[in-house]
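Visitor: I am new to this structure. Could you take me through it?

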Amino acid sequence: MLGYQPVMFFNDSFDYLHVATDPYPHPLRPDGYAFLLWFLKPFHSFALVAGLQHLMGLGMGVMIYALLRRRFRLPGWGAALAAAPVLLDAYQLQLEHLVLSDTMFTFLVMSAVTLLLWRDRPSWKIAAAVGLLVGMAWLTRSVGMPVLVGVLVYMLIRRSGWRLLAVTMAACMLPVIGYMGWYKAESGKFALTESNGIFLYARVYKFADCHQMKDLPVSEYPLCTEPENRLKTSQFGIWSVQSPLNRYTGTRFSPDNNALASDYAKRAIIAQPLDYLGVVAHDFLRVFRWDRTVFPDPATYAQYEFRTTSRPLPDWHMDGNSIASAEARAYERGDARTRVVEPFAGVARGYQDVFYLRGSMLGVVLLIGLAGLAGMWRRFGGEALLPWTLATGLLLAPAATAEFDYRYVLPAVPLAALAAGIAFRPASRATFKGWTRRLRRRGDDPERAEAPAPESPAPRDTAEVPA
C-alpha cells in the first residue's frame, strides 16, 4: 500500500466502477463487487478499498489457522504452514491490491466453508448464513453457482437433513432471485447476465469445425472460422475486433448474441467431444506448470505484476456520457492514477520475484489433500471433501467454460491449503499408521497377511484446542 498508491487497476476495474457510479445490471458479469464499491463510494478512497481487501486476505489466513487448530487439532506450526500461501503469496497480495472481484469472492466462499466446518453439525442459523454467503459469492462471480452445488452435495453426504438443506438453498436464492428480478425489470429478461453463452463460445472457438456440425442454423454461420483464420487465443474470440461475434449487429453481450453463441458452442461440444475434453485438460494442466508464462498476451500478463511505472487512466467511453478516467477521479475525488513510490515498490517487485506459490506446488498441495480424502474413504473423505472439491472445481470451471487465466487460480489456493491441512488431522494420521502397520506385518509374516491386526481407535476430532 505504500509502494502502489492508492490502488492498482485492471481492465475490468473500470466496468465495476461504472456500475458503482450509477448501478444497473451489467450484462457481462453480476454486480456483487460493484455493490461493494458503491457502498464504499461516500468515503472517496481507493486506499480504503485496497485496505479492506487486504484485510479479507488476512481474514482468510486466520480462518484456515483457526479451523485447523480448533476443529482439526493440528499443531500451531502445521496450521500456520497451511495458512502461509494465502498470507504470503506475492500474487495473492497483488490481487488484493487490484480493483477486482476475486478477493471478495474468495473471502465469501472461505467464510461459508469455515462456518460449515466449524461444528460437526450446523444449526439452522449457520445453514442460513452459509446459504447467504454463497448467494453473495454467486452475485460476485458466476462461478458461485457450482459452489452452491458443492455445498449442498457435501451437506447431503454428511446427512445434515433436508431441513438444513432447504434453509441453505432458500437463503442462497434470496439475493440471487432478487437480483434476477432487478435484471428483468431493467432488461426484460429474468437472468443474471447475458454472457455465459458467449464465454462458452470462446471455449470452443479454437477447435469448432462447422463441417462436423449437423443441421447448423444459417443464423450461426457467421460464427464459423476456418483453422488458418483463427486468432491466437480463445479469449480473442470475444475481445478482438476480428472476433466473429462482431459480424452481428448491435451490442456484443446482447440476448440474441448470447443465445446464438450458446447454441453454437453446445453443437460444437456435441460434435467434437474429444476436442472439447482436450482443450479443457490442456488448460487445467496449465495450472500446475512450474514457471509462469506470458499468457494470454503480454499486456494482460503485465497487469498481474508489480510494475516499475503506472499506466495512465484510460479514456474509454463507458457509455454515451461517461469516460473511465473521469469516473475513477470522481470516485477518488482527486487524482486516482496509481503512483509508484520507491523504495517500497521496489521491495514489492523483489518479493514477487521469489515468494509465490508455483503451479507445481499447488499440485502437490492438492495431492496431499487427495491423500487425506483417501484416508477417510469410509466417510467419503470427511470434512476435507468440501474444500478439496471446491478448490478443484474452481480450477476446472474456467478451463471448461472460458479459458485459463492466472487470476482464476488464486481463489482455489486457500481451499486447497485447508484440505491439505485437514489431511494431517489425528484421525487421518491414525488411519495411515494402521495401514503402515498392516503392510509391515504382511511383509514380515506372509502367513498372517490375511489376519490384519486390530487398529487402535482414532482420536476424536471434537476436542477443542485454543487457537
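Guide: The conversation below goes from the whole chain to single residues. This is a predicted model, in which local features need pLDDT of at least 70 and side-chain atom pairs count only at pLDDT 80 or more, while totals for chains, interfaces and linings use all residues. Residues are numbered from 1 along each chain as its sequence is written, and side-chain values use heavy atoms, with hydrogens and water left out.

Visitor: How many helices and strands are in the protein chain?

Guide: The protein chain has 20 helices and two strands. Both are DSSP runs numbered from the N terminus: helices are H or I with at least four residues, and strands are E with at least two.

Visitor: What is the radius of gyration of the protein chain?

Guide: It is 24 Å, close to the 23 Å that the globule rule gives for 467 residues, so the chain is as compact as a globular protein of that length. The radius is taken over C-alpha atoms, and the rule is 2.2 Å times the number of residues to the power 0.38. Along its principal axes, the C-alpha trace spans about 80 × 60 × 45 Å.

Visitor: What share of the residues count as buried?

Guide: Of the 467 residues, 54% count as buried. Buried means under 20% relative accessible area, exposed means over 50%, and partly exposed is in between (1.4 Å probe, protein chains only).

Visitor: Which transmembrane regions does UniProt list?

Guide: The unreviewed UniProt entry lists residues 46-68, 98-118, 124-157, 164-183, 355-377, 384-402 and 408-428. Positions follow the numbering used here, feature names are shortened, and annotations may be inferred rather than shown by experiment. In the model, residues 164-183 are 100% helix and 0% strand, with end C-alpha atoms 29 Å apart. Residues 355-377 are 74% helix and 0% strand, and their end C-alpha atoms are 35 Å apart.

Visitor: Now for single residues. Is Met155 buried or exposed?

Guide: Met155 is buried, with a relative accessible area of 1%. Met155 belongs to helix H8 (residues 144-157). Leaving aside neighbours within four places in sequence, Met155 is in contact (heavy atoms within 4.5 Å) with Leu116, Ser160, Leu164, Leu165 and Thr168.

Visitor: And what does Ser13 touch?

Guide: Not counting residues up to four places away in sequence, Ser13 touches Val99 and Leu100. Ser13 and Val99 are 86 residues apart in sequence, yet their C-alpha atoms are 5.2 Å apart in space. Ser13 lies in helix H1 (residues 13-21) and is buried, at 0% relative accessible area.

Visitor: Where is Ser325 found?

Guide: Ser325 is in helix H15 (residues 324-332). Its 2% relative accessibility counts as buried, and its contacts, with residues up to four places away set aside, are Leu313, Pro314 and Asp315.

Visitor: What is phi of Asp215?

Guide: Phi of Asp215 is near 55°, a positive value in a residue other than glycine. Asp215 sits in the loop between helix H10 (196-204) and helix H11 (236-239) and counts as exposed, at 69% relative accessibility.
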